[in-house]
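Dear colleague,

I am handing over the structure below, and after it you will find an account of what came out of going through it. Please read the two side by side.

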Amino acid sequence: MEHWEFVGRADELARLTSAVTIDSDRGLILSGAAGIGKSRLLHQAVSMLPAEQYSVHCASANIASSGLPFGGLAQILPPDVPAGLSSAGLLRWAVDGLQTAAGDRPIVLAIDDAHLLDPPSAALTHLLVREGATLLGALRIAEPVPTPISALWTEGLLSHAELAPLTDEESRELLIALVGGPVEAGSAQRLARLGGGNPLLLRELVLAAVGGGELVQTYGFWRWTGRLTLAPSLADLVDARIGGLTAGVRDVLELVSFGEPLGLALLLGGAEPRDVEDAEERGLIRVVADERRRDVRLAHPLYGEVVRRRCPVTRSRRLLAGLADLVEGTGARRHDDLLRIAVWRLDSGTAQDAGLLIGAARQAFDRFDIGLALRLAEAAYDAGGGFPAAELLAAVLLFADQPDDALTVLDATPDDSARALTSRATVEFLGLGRTDAADTLAVAKPDEPAEAARVRALEAFLRLQLDELGAARALARGVLDEPAASTATRALARCVLAFLAAAGGDPGGSAELIAAVVADTAAWRRETPAVQYALQMAEGTMVSVSLDLSAIDRILAAEFARLAQAGGFGFGSGWVSLLQARAALLRGRTDEALRATEQACAALAPARVYDGGAHFARANVAALLGQVSLAVDALATAESAAGGAVGLFYPWWEQARAWTLACRGEIAPAVQVLRGSASRARADGFHAHELLALYDLVRLGRPELAADRMAALGSTVGGAAAPLLIRHARACADEAPEDLFAVAREFAVLGYQLFAAEAAAGAVRIFRQARDPRALAASTLMADVLGRCGTMRTPALLAIQPALTVRERQVAELAAEGVRSREIADRLYLSPRTVENHLQRVYTKLGVNGRVELAPALRLFPQ
């Protein structure tokens with residue numbers, strides 16, 4: 001981790017190299033904060049310049065050399081200075097020496113920390129640029145710059161630009177380079193945000209996290225616990241940027257560190273305006289526009305970490321209490337003021353209102369900031385919030401994958417209400433996989449109709465996951481028929497029915513139910529947060545079984561996906577990753593799909609109930625990639641982790657088992673698994689799952705076992721993809737290459753590249769067997785589709801890849817490039833007759849009629 005590969009900064013790197021290679025440019029100076037990556041970028045740009053074309057001279061100014069004449073450029077000047085020269089003569093001597101050494105090559109000066117150049121070095125640099133040299137420089141922002149250097153851009157001799165922080169994507173790339181492997185999405189997002197786009201600080205963060213055991217590997221992904229180890233080296237780096245403050249500026253920095261974002265007017269009311277201006281000028285704080293307001297934030301997130309940790313306890317408590325008083329004095333008008341005041345009161349030791357803490361914990365929970373919600377809920381519980389606080393704390397602990405602690409809280413706060421009963425059952429089932437929780441609910445008979453409906457709705461959700469579908473459906477319908485049922489209770493019942501509708505092949509009906517649940521989010525999240533689990537299950541099933549790519553894309557672009565991955569909600573983050581994998585797989589991006597399933601495995605690792613599902617998905621993708629050992633290992637892990645508490649997901653499990661068998665070449669057992677899964681789904685009324693299982697039979701080469709039943713399902717299963725699947729099955733069963741070709745084109749247009757490739761492969765196979773010239777068009781389509789995909793090793797694709805010997809492949813590739821047989825013979829030391837014999841065997845194996853069809857046919861082979 002001491003040295004990492006150069007990542008990102010493509011535009012800035014191109015701009016630096018262009019400043020050298022384009023005659024009209026004379027150079028470029030980049031300015032930026034310390035650690036922003038100026039030096040590394042400068043070094044990377046210089047390393048790309050060929051020494052035989054450019055006379056490159058690199059120098060790095062520093063404080064030690066800033067007081068010595070020519071100290072900043074001592075690294076590039078000759079050691080022996082002629083005696084008796086005037087200042088002007090020395091400049092002339094230095095210029096002539098560098099020009100003589102360069103010969104005909106252009107001179108390129110690369111100067112790091114140019115703001116520290118001594119006056120003679122700055123003057124020499126200015127003179128060199130005026131006489132044709134190119135300058136690539138870096139200097140620190142907000143530091144005084146020698147006049148000869150600043151004059152270079154003020155006089156238009158070269159360009160000056162500020163280097164922006166790394167983007168989130170560039171920060172993630174750097175994280176991967178630092179740890180040498182992929183980083184779980186939520187961890188990457190949080191670390192990138194804390195690093196603030198500063199490569200050096202991000203590096204120190206990662207070093208501290210790894211050294212402190214807070215960044216660990218799980219299923220090949222690095223996952224951050226969220227705890228920050230502030231190593232001495234990291235603290236020293238930050239101290240170097242914020243040290244030497246006046247008392248007033250320190251007060252400003254502390255206020256913003258504890259209270260950001262702070263309204264500018266609020267900060268000016270709590271600190272001296274001159275000190276606020278000084279803090280902004282020093283680059284410690286920044287003022288940002290928020291609609292009509294002006295908010296003040298720290299210039300870098302780590303400043304706050306260091307300031308808060310170094311601030312004495314008594315002063316920090318005084319500052320926090322003062323911040324709370326300031327905001328309360330303005331009427332707490334902003335939406336998040338309640339949350340901010342509660343946190344400040346909590347940290348200052350002045351929090352006495354359990355109601356305030358409960359309300360704030362709910363706000364944090366709404367944002368899926370699980371860590372903050374946990375702190376506030378615990379404080380509300382400790383402040384005597386009673387059962388409402390205990391119920392909320394248990395729910396947050398469940399979302400934080402700490403079900404044992406949740407049960408401890410509920411046990412310590414006895415309550416005989418239906419809410420207490422359902423809270424406990426939720427934790428036992430969703431957190432610990434205790435299937436008897438459903439039976440406990442079944443024997444409960446609350447007197448109040450609303451409470452009875454609440455119990456029945458949760459029982460319906462649990463019965464659903466136990467694959468007791470009839471009971472789940474009846475209970476959910478009964479809840480919706482109960483006028484006294486609350487909004488949250490109805491939402492949970494609708495989720496159950498939405499799941500059943502989706503699995504049954506009615507995506508439209510499922511979508512209507514889900515839309516009604518989403519419309520009531522504010523109400524049910526406050527009363528029954530666990531509805532979130534049910535909503536995700538229903539919505540995820542709806543878009544997955546209907547193969548609705550556009551709907552998946554909308555979910556992934558919505559705010560929930562970002563909040564779940566950034567806030568530490570493991571179940572939500574894993575669910576998002578599984579949807580990403582589903583979409584990527586349908587689009588043929590198998591490598592991306594595998595990474596997404598591994599992200600899901602890492603996110604769901606702390607869970608005890610749902611982590612098996614991620615491993616089944618991983619096994620399925622690995623099988624389609626042809627990675628036999630990975631598929632087998634992932635399947636074994638999935639089967640050991642899967643529990644009876646989520647039995648309704650069996651169609652996905654059986655699919656993974658079938659494709660793992662197929663990957664091992666055991667097609668007949670795979671077919672048996674899929675036939676059994678289709679029969680079970682049919683009996684359960686899961687007609688959408690049945691259609692997908694039957695379609696997998698088609699993909700494994702057994703359309704005669706599926707086509708008729710799939711056609712019968714056409715009037716039952718909705719969605720845009722279902723008719724195409726049915727047409728594909730019929731075309732395979734009828735051995736109709738024209739229909740397969742047409743279906744492949746439609747699949748490709750809709751984005752289903754995996755299915756498009758397989759349908760095109762079927763057309764290619766049949767056309768080749770008939771030596772039909774239309775094989776060329778089908779091969780071209782398939783090659784175009786595969787060009788947009790990652791590696792895929794399915795039976796349909798492998799069937800059209802007959803084995804070519806190494807020599808046959810060499811001859812065929814040369815012939816496809818238009819090389820004549822005699823020249824091929826000369827290159828490969830063969831006779832022309834042998835070349836022709838090889839070509840005839842290739843034509844026969846590939847089912848093509850000549851050289852013109854070779855290129856698209858060969859493109860179907862893996863490289």
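This is a predicted model: local features need pLDDT of at least 70, side-chain atom pairs count only at pLDDT 80 or more; totals for chains, interfaces and linings use all residues.

**Helix α5 and its surroundings**

Of the neighbours of α5, helix α4 can be described in more detail. The axes of α4 (residues 119-130) and α5 (residues 147-154) come within 7 Å and cross at roughly 30°; because angles under 35 degrees count as roughly parallel, α4 and α5 are described as roughly parallel to each other. On the side of α4 the contact is made by Ala122, Ala123, Thr125, His126 and Val129, and on the side of α5 by Pro148, Ile149, Ala151 and Leu152. Sorted by class, this contact of α4 with α5 has 7 nonpolar residues and 2 polar ones, with no charged residues.

**The chain as a whole**

Stepping back from this pair, the chain has 46 helices and 10 strands, and its C-alpha atoms fill a box of roughly 100 × 95 × 40 Å, taken along the principal axes. Of the 863 residues of the chain, 56% count as buried. Among contacts between residues at least 6 apart in sequence, 68% join residues at least 24 apart.

The largest nonpolar core has 217 residues, and within this core Leu376, Phe461, Met710 and Phe747 touch the most other members. The largest share of this core, 12 residues, comes from helix α24 (residues 487-503). As for Leu376, if residues up to four places away in sequence are not counted, it touches Leu339, Ala342, Val343, Leu346, Leu357, Ala360, Ala361 and Ala364.

**Backbone features in the loops**

Some local points of the backbone may deserve a look. A cis peptide bond joins Glu260 and Pro261, with omega at about -5°, and Pro261 lies in the loop between α10 (247-259) and β8 (262-263).

Phe368 is not a glycine, yet has a positive phi of about 60°; its place is in the loop between α16 (354-366) and α17 (370-382). With a relative accessible area of 3%, Phe368 is buried. Glu735, likewise a residue other than glycine, has a positive phi, near 50°, and is found in the loop between α38 (722-733) and α39 (737-750). Glu735 is partly exposed, at a relative accessible area of 38%.

**Two residues with partners elsewhere in the chain**

Gly385 lies in the loop between α17 and α18 (386-399) and, at 15% relative accessibility, counts as buried, since the cut-off for that class is under 20% relative accessible area. Gly385 and Ile358 are 27 residues apart in sequence, while their C-alpha atoms are 7.8 Å apart in space. Leaving aside its neighbours within four places in sequence, Gly385 is in contact with Ala354, Ile358 and Ala380.

Glu539, for its part, lies in helix α27 (residues 531-545). Its C-alpha atom is separated by 7.4 Å from that of Phe499, a residue 40 places apart from Glu539 along the chain. When residues up to four places away in sequence are not counted, Glu539 touches Ile514, Ile555 and Trp575.

With best regards

Note on methods: Residues are numbered from 1 along each chain as its sequence is written. Side-chain values use heavy atoms; hydrogens and water are left out. Axes are lines fitted to C-alpha atoms, for helices over the stretch in contact, and angles run from 0 to 180 degrees between N-to-C directions. Helices (H or I, at least four residues) and strands (E, at least two) are DSSP runs, numbered from the N terminus. Angles under 35 degrees count as roughly parallel, over 145 as roughly antiparallel, 65 to 115 as roughly perpendicular and the rest as oblique. Contact means heavy atoms within 4.5 Å. Ala, Val, Leu, Ile, Met, Phe, Trp, Tyr, Cys and Pro count as nonpolar, Asp, Glu, Lys and Arg as charged, and the others, Gly among them, as polar. A nonpolar core is a set of buried Ala, Val, Leu, Ile, Met, Phe, Trp, Tyr and Cys residues joined through side-chain atoms within 4.5 Å. Buried means under 20% relative accessible area, exposed over 50%, partly exposed in between (1.4 Å probe, protein chains only).
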